[in-house]
Amino acid sequence: MDTQLNGVPPGTETPTPAGRVAGEEPGGVELLHFAQTLCASANHAELQKRFTAGFGRLFDLPMWGLYTLDPWTGRPQCVASMGVSDSFLARYERGGRELNWLQEHLDATGRPAYNMALMSMEEWLENPLYTKLKYLHDIRHEVQAPVVNRDGVIGTLHCGTNDPRRGFTPYEVRLTEALGRVTGTVIEGIDSRAGLARERDQ
């Protein structure tokens, strides 16, 4: 299998960007504004709402998801998604997680995983992750980026499109990585403030 990290499959041209990233320097100002909005979140529920409301200003994507876990209990902490059905999410929980080799790549490297940087479209359409799960929404291009803070990888940001002609540029892959780190840092702050509040109340 030919591979090329954070780029385009060998032998193909640079893909058309999957999402709309506005501004003279794509995503820079928008990422800063989004980060400021997320940092104002008082708790996980507010973070989820702010993330859902503002994500589209960075990426115009038909499908995305944010899934984070409490590093101590393993319970879902912040879950938000757009463009995917309840049946898709349920199937992922029932067995899709075991098929998710993109997550395994992410966990092993600590870096974003882009399916089309790791295999060809033909290989993707024959891969069990697609044939048993992603086919439900015909997800052709997908980036999974780690949500990271001092506790390590605490979740994943998923970005996807069903248009085979619209891929993710290396810059967009790096942007998802930056957004995952911002989100992880915000969660760390929320948890730290909550811990201090509990100590104060005891």
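Does Asp163 count as buried or exposed, and at what relative accessibility? At 17% relative accessibility, Asp163 falls in the buried class, where buried means under 20% relative accessible area, exposed means over 50%, and partly exposed is what lies in between (1.4 Å probe, protein chains only). The model looked at here is a predicted one, in which local features need pLDDT of at least 70 and side-chain atom pairs count only at pLDDT 80 or more, while totals for chains, interfaces and linings use all residues. Residues are numbered from 1 along each chain as its sequence is written, and side-chain values use heavy atoms, with hydrogens and water left out.

Asp163 also has a charged partner. Its side chain meets that of Arg165 in a salt bridge, at 3.3 Å from N to O; the term stands for a side-chain nitrogen of Lys or Arg within 4 Å of a carboxyl oxygen of Asp or Glu.

Helices here are DSSP runs of H or I with at least four residues, strands are runs of E with at least two, and both are numbered from the N terminus. Arg97 comes out as partly exposed at 33% relative accessibility, and Glu93 is partly exposed too, with a relative accessible area of 43%.

The other salt bridge pairs the side chains of Arg150 and Glu188, at 2.5 Å from N to O. Arg150 lies in the loop between strand S5 (141-149) and strand S6 (152-161), and Glu188 in helix H8 (residues 170-201), so this pair ties together parts that are 38 residues apart in sequence. Arg150 itself is exposed, with a relative accessible area of 76%.

Helix H8 also packs against H1, at an angle of about 20° and with the axes 10 Å apart. Axes are lines fitted to C-alpha atoms, for helices over the stretch in contact, and angles run from 0 to 180 degrees between N-to-C directions. That angle makes H1 roughly parallel to H8, given that angles under 35 degrees count as roughly parallel, over 145 as roughly antiparallel, 65 to 115 as roughly perpendicular and the rest as oblique. On the H1 side, the contact (heavy atoms within 4.5 Å) involves residues including Leu31, Phe34 and Leu38, and on the H8 side residues including Leu175, Ala178 and Leu179.

Leu31 gives a closer look at this packing. This residue of helix H1 (residues 28-39) is buried, at 15% relative accessibility. Neighbours within four places in sequence aside, Leu31 is in contact with Leu58, Leu175, Ala178 and Leu179. Ala178 is 147 residues away from Leu31 in sequence, yet their C-alpha atoms are 8.6 Å apart in space.

The loop between H7 and S5 holds Lys134, which is buried with a relative accessible area of 3%. Among the contacts of Lys134 beyond four places in sequence are Phe88, Trp124 and Glu142. Asp138 has its place in the loop between helix H7 (128-131) and S5, and is partly exposed, with a relative accessible area of 25%. Phi of Asp138 is near 50°, a positive value in a residue other than glycine. Most residues other than glycine have a negative phi.
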